[in-house]
Amino acid sequence: MAAAAAPLTDVCHVDGSILEGGGQILRNTFALAAILLKPIKIERIRAGRDNPGLRPQHLTAIELVNTVCPGKLTGNKVSSFAVQYSPTKQAKGGDYVADTKTAGSITLMLQASLPVCCFASSPTRLTLMGGTDTKMSPPLDFLSVLQHHLTQFGVHVDLTCEKRGFYPRGQGVVKVAVQPVHQLRPITLLERGDIVSI
């Protein structure tokens with residue numbers, strides 16, 4: 001059952017400078033806000049970084065979330081230190097394209113958008129453009145590990161790399177198809193398992 005949109009008076013305020021003060025808190029907060037239909041305001045975005053505020057890849061990620069799960073988004077511009085997002089409708093499936101126009105990490109864009117697509121009203125197909133293998137972010141091939149565990153949770157995600165993208169040009173292209181679920185299956189992960197190859 002879809003959550004009802006929370007009143008704007010129930011805005012959740014998040015300090016983007018806590019812990020490492022990077023982009024992770026921004027991506028996680030947007031994903032959870034979209035799934036729970038909870039309005040949020042994030043301030044002091046990436047305050048712990050040398051170039052604080054929104055960078056193109058962060059902007060592209062949150063705008064993608066806002067496209068999949070429509071709402072009111074303000075402060076969405078490069079170098080912004082504060083954004084506010086008030087989702088109003090359940091995430092909807094469909095075809096979406098997001099391009100950082102830089103070598104910004106595709107895997108980090110997925111950290112914000114993939115959880116939302118998992119609970120969309122119908123299947124979602126994303127075409128993401130940017131960097132596939134960049135510093136300070138998981139390489140694209142790492143997603144095979146995530147993909148394996150998502151399958152255990154009951155979420156089916158197909159990833160196709162059409163073109164690799166590296167710093168400084170980016171220009172990588174990845175297609176992602178997500179079959180949504182109403183709820184996740186519980187799993188048990190108590191054993192590390194054996195290393196079968198390196």
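**Exercises on helix packing and an open sheet**

Helix H1 (residues 24-36) packs with helix H2 (residues 56-68) at an angle of about 5°, their axes lying 10 Å apart. This is a predicted model, in which local features need pLDDT of at least 70 and side-chain atom pairs count only at pLDDT 80 or more, while totals for chains, interfaces and linings use all residues. Residues are numbered from 1 along each chain as its sequence is written, and side-chain values use heavy atoms, with hydrogens and water left out.

**Exercise 1.** Work out how H1 and H2 are oriented to each other, and which residues meet.

Step 1: axes are lines fitted to C-alpha atoms, for helices over the stretch in contact, and angles run from 0 to 180 degrees between N-to-C directions. Step 2: angles under 35 degrees count as roughly parallel, and H1 and H2 are therefore roughly parallel to each other. Step 3: taking contact as heavy atoms within 4.5 Å, Leu26, Arg27, Phe30 and Ala34 in H1 meet His58, Ile62 and Val65 in H2.

**Exercise 2.** Describe the open sheet, beginning with the order of its strands.

Step 1: the four strands follow the order S5-S6-S8-S7, with mixed pairing, where two strands pair if DSSP finds at least two bridges between them. Step 2: strand S5 (94-99) and strand S7 (156-163) are the edge strands, each pairing on one side only. Step 3: six bridges join S5 to strand S6 (residues 124-130), and these two run parallel; leucine 128 in S6 is the bridge partner of alanine 98. Step 4: H2 lies across S5 and S6, running at about 165° to S5.

Technical notes:
Angles under 35 degrees count as roughly parallel, over 145 as roughly antiparallel, 65 to 115 as roughly perpendicular and the rest as oblique.
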